[in-house]
Structure formats: structure tokens, C-alpha cells
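Colleague: I am new to predicted models, and I would like to learn how to read one feature by feature. Could we go through this one slowly?

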Amino acid sequence: MDGNGRWAEMRGLPREEGHREGSTSVREVTRCARRVGVQALTLYAFSSQNWARPAEEVAALMDLLREYLESERAEILENGIRLNAIGEVEKLPRFVKEPLDRLRADSANNTGMVLTLALSYGGREELAQAARRMAEAACKGELTPAQLDTQTFESYLWTNGLPPLDLVVRTSGEQRISNFLLWQLAYAELCFSDVLWPDFRTEAFLRCLAQYQQRERRFGLTSAQVKREDSHRAKA
Ligand code: IPE
Ligand code: MG
């Protein structure tokens, strides 16, 4: 979700106003994803690197997060959404961590859509903690080097239990990954939208989904193989 700051600066507003407007996009995109049947939606709300922004901006983002967790609580619960979080969430201030934990617990049995907030999240940080925990398990004799395949590795990631990543959308015209879901990106489709996040609403989101539907995902196979598999699946 990129471009909040630029959206505000273009209007001569403080950057915080861009973040506030961006939270309306979060609400719209979440509603739309739920409506069209997306199984899992992950929002990169705050990166490990964002802590280094000016203290006032970090504080405003934390305030906004708390507001969001309170204002969206009822709708999330009513719509069968399970709220999840990935990242170093223990670094969040208590006034964010508390409503986050409460909503995570209260929505734990919902099966409609998993809404994951990436908070104090970094892909490298995720990989490093996985390696650290695997090394710890190995030291204790609970894991042997030979057991360490891609499946075992994945079970140590924060995203363990989430479905495979299908589509990544980055807004605001930047064409880079910025430490998001580095492992999980392996076969994800990428969509770069020029729209700034505060302007990224239902229409822009549906345009990305439509693009995604046009892609042929081959996972290393040939196009002919994929088409054959598809037709078998259609017959079954
Ligand atoms: C994304 O918008 C929101 C967060 C990082 C929390 P930015 O704040 O990065 O907006 P730009 O890139 O400065 O426009
Ligand atoms: Mg940015």
C-alpha cells in the first residue's frame, strides 16, 4: 500500500492525512476482496524499516492502526473474517498490540477470509527468524539438516498456514518489492498500479484482479502441459 505520503503532499496536506485517506482504501479493498471470494488478503501496513521514519509519522501511523482495529472490529466479525498478523508484532506499542490481540482471538474461528496485517514486517526479517528457529530446533535435536526441505522451511515462516501467494499488488507506480514476502513471491503474479493508495479503491482493485485472470501461471511447466492439466481438471 504505497503512495499515502505523496497523495497528501500533492494536496499540501500533512502526510498523516494521506495515511488516514488510505485507511478508507483498506476498508473498500477488504470489502471488495471478501465479496469476490478472495481467500486471503495480506496488507503491508508497516514495514520493519518504517520505524526509522520521523517519530511523529510513526506515532500517527500507530494511532491510526489502533483506530482502525477499533472501527473495523464489528464489520470484520460480522463478515466472518479472521484477522491475522505477521511481523515482529511484539515491537508494537501496547495500545496497538492489545486491540490487535483481542481481534485476533475473537475472530479466530471465522472461516470467511483471512485478513493478514503485515506489521513491523520485513521479508528478510521473516527469513532470518525462520533460520534462527530452525537452528534452535536442530541444536535441541528436534530437526536434522536432512529434514530441511522447502516444506519444512515454510512451516517456520510467519505465513505458515496461509494459502500460497497468488498475486501481489503494489500501488503508486513504484516497481520494487521492498522486503515484502520474499520467499512467498517465488511464483506470485505481480501487478504494479500507478494509482496512489488513497485513490486505490474498488475499481482499481478489480482492474488488478482482471489482469491476474489473464495471466497463464506455468510454475516452470510448458504452456501445453498447463493447458492439458486445466482440461483434465475441467473434466473431473
Ligand atoms: C505507504 O505510503 C504507507 C506506509 C508505508 C505506512 P507512504 O507513506 O510510503 O507514501 P509515499 O511513498 O511517501 O508516497
Ligand atoms: Mg512509500
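**Reading the ligand shell and its neighbours**

Modeller: Let us begin with a backbone N or O atom of N4, which lies 3.1 Å from an oxygen atom of ligand 1. This is a polar contact, a pair of N or O atoms within 3.5 Å, where within protein one must be able to donate a hydrogen and the other to accept it, and residues adjacent in sequence count only if both atoms are side-chain atoms. The model is predicted, so local features need pLDDT of at least 70 and side-chain atom pairs pLDDT 80 or more, while totals for chains, interfaces and linings use all residues. Residues are numbered from 1 along each chain as its sequence is written, chains are lettered from A and ligands numbered from 1 in the order written, and side-chain values use heavy atoms, without hydrogens and water.

Colleague: Which side chains have a polar atom beside an oxygen atom of ligand 1?

Modeller: One belongs to D2, where a side-chain N or O atom is 2.9 Å from a ligand oxygen, and another belongs to R53, whose polar side-chain atom lies 2.7 Å from an oxygen of ligand 1. Ligand 1 exposes 380 Å² when taken alone, and the protein buries 87% of that area (Shrake-Rupley method, 1.4 Å probe). Two or more residues of the shell come from each of helix 1 (4-10), helix 2 (15-36) and helix 3 (55-71), these being DSSP runs of H or I with at least four residues, as strands are runs of E with at least two.

Colleague: How many residues surround ligand 1, and which are the closest?

Modeller: There are 13, and M1, D2, G5, R6 and R53 are the closest, a residue being near when one of its heavy atoms lies within 4 Å. Helix 1 gives the largest share of this shell, with three residues.

Colleague: Where does the UniProt record place an "active site"?

Modeller: The record, an unreviewed entry, places that feature at D2 and N50. The two span 49 residues in sequence, yet no two of their C-alpha atoms are more than 12.1 Å apart, so they gather at one spot. Such annotations may be inferred rather than shown by experiment.

Colleague: Is D2 buried or exposed?

Modeller: D2 has a relative accessible area of 18%, and is therefore buried (buried is under 20%, exposed over 50%, partly exposed in between, with a 1.4 Å probe and protein chains only). D2 sits in the segment before helix 1, and its side chain makes a polar contact of 3.3 Å with that of R6. Beyond neighbours within four places in sequence, D2 is in contact with residues including R170, S172 and W197, where contact means heavy atoms within 4.5 Å.

Colleague: What about N50, and where is its place?

Modeller: N50 lies in the loop between strand 1 (40-47) and helix 3, and at 17% relative accessibility N50 counts as buried. The side chain of N50 reaches the backbone nitrogen of S47 at 2.8 Å.

Colleague: How should I read phi, and which value does S172 have?

Modeller: Most residues other than glycine have a negative phi. S172, although not a glycine, has a positive phi of about 80°, and S172 is found in the loop between strand 4 (167-170) and strand 5 (189-192). L181 has its place in the loop between strand 4 and strand 5, with a positive phi near 40°. S172 counts as buried at 8% relative accessibility, and L181 is buried with a relative accessible area of 4%.
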